[in-house]
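This briefing is for a reader who has not seen this structure before. Please look over the sequence and the model, then read on by topic.

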Amino acid sequence: MAQPPFPISSDDMNPRLLEALASLNQISTAINQIGISEDQSSSLQLIVESAIRVVPGFSASIYTYDPLTNSLDAQTRVVAYAEGYESQNINPSEDIPRSNGFGIRSIQRKRRTFSYEETDLQIHPYQKKLGVKAVAAFPLTIADDVLGVLYIYLYEDRKLSQFEELMLHNFVNQAAMAIFHARHLTGIKQNLAQKENELTRLRRAGMLISSRQKLEETLESILELALELTNAQYGIFRLLDKSGESLVTRAVSSVQLERPLVEKLPIDGKSVMAHVARTRQPLLIRDLREKQWAEVYYPLDSTLEMRSELCVPLINASGRLEGVLNLESPRIGGFSEDDSHMLQSLATYAVTAIQEVRLLDALQEAAQLLISQPSNIVLDHLCAMANDLLNTASSAIWLKNETGIMELIASNGTETSKEVPISSKDSNVLLIPLLSGEEDTALGTFGAFHPAAGEVRSDTSEWDKKVLACLANYAVLAVQNESRQQALRSSQEQHLIAETFAAVGDISANLLHNMNNKVGVIPVRVQGIQDKYEKLLGDDAYLAKSLSEIERSAAAAMQIVQENLSHLRPLRMERIQIAPRVTDAVRAVAAPADIQIEVNGLEQLPMVHASGQSLSFVFRNLIENAVDAMQGKGKITINGKQNLHWVEIEVSDTGRGIPSELHEQIFELEHSSRTHPGKMGFGLWWVKTLMTRLGGSVTVDSDGAHGTTFHLRFPIAEQA
């Protein structure tokens, strides 16, 4: 085992050394207590008292140093007097360190100073009155930082011994640690208090978002808070316009502004805010006179001289640049890194406010569109809103058709595929199903496509998903609203037709009754004349023939009226096969020999919910129209098919066609291009009316030159 350089035993131990070690231990304990009491004065007092015990015969004092004023603070003075000197009647307020005394000199040199080595410097008058013969000043330092000075006052005209100087150096180190520890803890407490104050104000900024109705009010409140926290001269919010090419002023706050310049700033222009917008990185400029910044500095007020600037970008969750937040100060180095972090936090609140306002405005617009525009316009606007809110390149909405296949209904932006893409990271698309609360299956899909690779964007955020889900709900409402509006219109139309038929039914009943009374008596009268004047009629062939014709015509007239007015009676709905009704209609028409009628795909069709007599009338009317259109020569094709809810029949001819401007008029009551013998001439109005009463529809397709096709749609019986 290694031996000490000299033997030590309890008998040889210097009592003064033992007392010094005990004092140092006590001082260390006191320094550790600073974290609890946060008071350095008690520790420093203990140090000076311990010092005069270990090295008796002199007094000691400690002052803390203020580097800003390069002076010793008399208010922090602690002192311990040597025995016999503490009760002298001298005013302690006179004991103020001199600006060129031993203490300041030791600070400047960063080493101890003795009066007996400094022949050019006299002892302080206050100490001379106390009988001090020599002075020693020890700087209290930690690393290169000077924290204070320890003074030793000797009442004998002698020098400090090597042992005394060694012991005092230990007390010097302990005093420096006590001051540093106390200041460090005080600084920590102040920082914590400052951070707590900043967090409180940041929470207040968060509350501003929900308490302000207008975006400008929220931005102005955030600016005022930023000025308060950073002591800036003024601040400004400039937001990106819709073109993405300029920054537009939305809020300004300042201590004093005379002629603020708030016009647009181009993104590609020379200005600090444009630079931050392009780089999307915060920027702290300590001195605006530096060459690289002086060339691009753009003053908000040309009458005010600003020297430092702090600027942060406003980036939303999806990577979109919303704008820039800027602060300026008249002081060089007016902002710190902490200010930059704080301003970035405020920028986050501002982005949240901007996003919420933009979303609320979009939803308000969507709600107005829902009640005033058809679904196709609403869906197109929702796609445009998705691109605007999510910073996406394009968006689209697909809806399921009657066969369950997704069809592209609306889109905005770049060209969109007609097929729904498969969601994946590579596809760069966010898909949200259009869910209806009334059904388990989705009505369709709402997709938003991020910009192509290479453009600035971030991964899809939860905010993006929530925004698109909200817009998807409005899309569902638009689709359902359109469906319900159509159902309402159909119901109203059917109700109107039902009322019309009820009224006409009453008229037809009275008409038939009156005709029976008047026309029905004609055959009876003719029969009576024939019986009474049989001989006369035998001699007059013309008269006999005329009476027979009158009798036949009266009977035929009654039959025609009864057949036509029968359509006004209530329909007897039942499950009907279409094929037999088409066959009946073809047989009833008795088309000319040069007219070819071809029937395809009717036998396999499911039953429909209809009236048999009315169904035959519909096909008979369309076939007769086709025969007339082809002028006795051509081909009529009748095809049938089935989809999810409907049976569809197409009746096509090779005639002259119907001009597009007449496609709606041909179904009107007053429109009739021709009449058939024994018909009342109501034409296609009857067809459309009967199809509506059956719960179906009829439309026409023709270019006016190459034939005509009528499309009939009947509800399947099981789903009627």
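Is L543 buried, partly exposed or exposed, and why? L543 is partly exposed, because its relative accessible area is 32%, a value between the 20% limit for buried and the 50% limit for exposed. The model is a predicted one. The points below begin with the surface around this leucine, then turn to a group of strands and to aromatic pairs.

**Surface patch**

- L543 is located in helix α15, which covers residues 541-565.
- Together with I529, Y533 and L536, L543 makes up a nonpolar patch on the surface.
- The accessible area of these four residues together is about 330 Å².

**Strands around β22**

- Strand β22 spans residues 708-715 and is mostly covered, with six of its eight residues buried.
- Strand β20 (residues 646-653) runs antiparallel to β22, and eight bridges join the two.
- In this pairing, E650 is the residue opposite H711 of β22.
- Strand β21 (residues 697-701) also pairs with β22 in the antiparallel sense, over five bridges.
- Here V698 stands opposite L712 in β22.
- β21 and β22 form a hairpin with six residues between the strands.
- In that hairpin, G704 has a positive phi near 85°.

**Aromatic pairs**

- A pair of aromatic rings is described by how far apart the centres are and by the angle of the planes.
- Six aromatic pairs are found when the whole structure is searched.
- In one of them, the ring centres of Y63 and Y151 are 5.7 Å apart and the planes stand at 90°, so this pair is edge-to-face.
- Because Y63 belongs to strand β1 (residues 58-66) and Y151 to strand β5 (residues 145-154), the pair ties together parts that are 88 residues apart in sequence.
- Both Y63 and Y151 are buried.
- For F114 and F138, the ring centres are 6.1 Å apart with the planes at 75°, so this pair is edge-to-face.
- F114 is in strand β3 (residues 113-114) and F138 in strand β4 (residues 134-142), so the pair ties together parts 24 residues apart in sequence.
- F114 is buried, with a relative accessible area of 2%, and F138 counts as buried at 1% relative accessibility.
- Y63 and Y151 also belong to a cluster with Y153, linked by ring pairs.

Technical notes. Residues are numbered from 1 along each chain as its sequence is written. This is a predicted model: local features need pLDDT of at least 70, side-chain atom pairs count only at pLDDT 80 or more; totals for chains, interfaces and linings use all residues. Side-chain values use heavy atoms; hydrogens and water are left out. Buried means under 20% relative accessible area, exposed over 50%, partly exposed in between (1.4 Å probe, protein chains only). Helices (H or I, at least four residues) and strands (E, at least two) are DSSP runs, numbered from the N terminus. Two strands pair if DSSP finds at least two bridges between them. Patches are made of residues with over 30% relative accessible area and no salt bridge: like charges are joined within 9 Å, nonpolar side chains (Val, Leu, Ile, Met, Phe, Trp, Tyr) within 5 Å. Accessible areas come from the Shrake-Rupley method with a 1.4 Å probe; for residues, only the protein chains shown count as cover. A salt bridge is a side-chain nitrogen of Lys or Arg within 4 Å of a carboxyl oxygen of Asp or Glu. Rings of Phe, Tyr and Trp (its six-membered ring) pair if their centres lie within 6.5 Å; planes under 30 degrees apart count as stacked, over 60 as edge-to-face and the rest as tilted.
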